[in-house]
Amino acid sequence: MTKVELIDKVAEGLGLPKREVEKMLEKLISTIQNSLKADQKVSVAGLGTFVVKEKKARIARNPKTGESVQVPAKKAPKFRPGKELKEIIQA
Amino acid sequence: MEKDNPTATKEKLAYKLAKIGISRNHSRQIVDCFFTQLAQSLRRCEVVNLVGFGSFHYKIRAARKGRNPRTGQSVQVPAKRVIQFRPGGRLKSMVRKPEAKET
């Protein structure tokens, strides 16, 4: 499913114009992004939690050349599926 | 990092969305609808790709032998589906910078 398909589904479900729903989805996404940027967890009941994880600096290897490279510390977004979602997807 | 930083919930997302100029109730409903559709799509085993944010995939984790850590008994853990989230470029780059005030 792509953004467009998601927008279609929501617009249809709620009887709203697609244009409006599109604006809202963009706003929703940017709101989540900004929360994560501020190191805030985003917890969506029924779905899961988006968190930011800190990754330590480490020494990695270029698999092609075998050279060691220093990988700096960084932060990465993570998603932890919630219980409901985990159950829902067991077919 | 979590101590002073309240978790954002659907409620808060809806509150922010309402600033576009729709009612709180309405925006709550819309936020819910987005996430429900997302979950349902995952349930149909689709890949959900939201450009700029990330994509949700699922993987099948093979059955394995596990152990009850309390009793030491070995148990068979069945194969199951697990969701994987791959953050998109924009989200990754927004979040990337490590905290300046590190110990």
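In this predicted model, B:Asp32 and B:Lys10 form a salt bridge, their closest N and O atoms lying 3.0 Å apart (a side-chain nitrogen of Lys or Arg within 4 Å of a carboxyl oxygen of Asp or Glu). The pair ties together distant parts of the chain, with B:Asp32 in helix H2 of chain B and B:Lys10 in helix H1 (residues 10-17), 22 residues apart. Helices here are DSSP runs (H or I, at least four residues), as are strands (E, at least two), numbered from the N terminus. B:Lys10 counts as buried at 12% relative accessibility, while B:Asp32 is partly exposed at 24%; buried means under 20% relative accessible area, exposed over 50%, and partly exposed in between (1.4 Å probe, protein chains only). B:Arg28 and B:Glu11 make a salt bridge too, at 2.4 Å, and B:Lys10, B:Glu11, B:Arg28 and B:Asp32 are linked in a network.

As for the core, the largest nonpolar one has 42 residues, with eight, the largest share, coming from H2 (residues 24-43) of chain B. Such a core is a set of buried Ala, Val, Leu, Ile, Met, Phe, Trp, Tyr and Cys residues joined through side-chain atoms within 4.5 Å. B:Phe56 is among those with the most contacts inside it. Beyond its neighbours within four places in sequence, B:Phe56 touches residues including A:Phe50, A:Phe79 and B:Leu38 (contact: heavy atoms within 4.5 Å).

Residues are numbered from 1 along each chain as its sequence is written, and chains are lettered from A and ligands numbered from 1 in the order written. Local features need pLDDT of at least 70 and side-chain atom pairs 80 or more, whereas totals for chains, interfaces and linings use all residues; side-chain values use heavy atoms, leaving out hydrogens and water.
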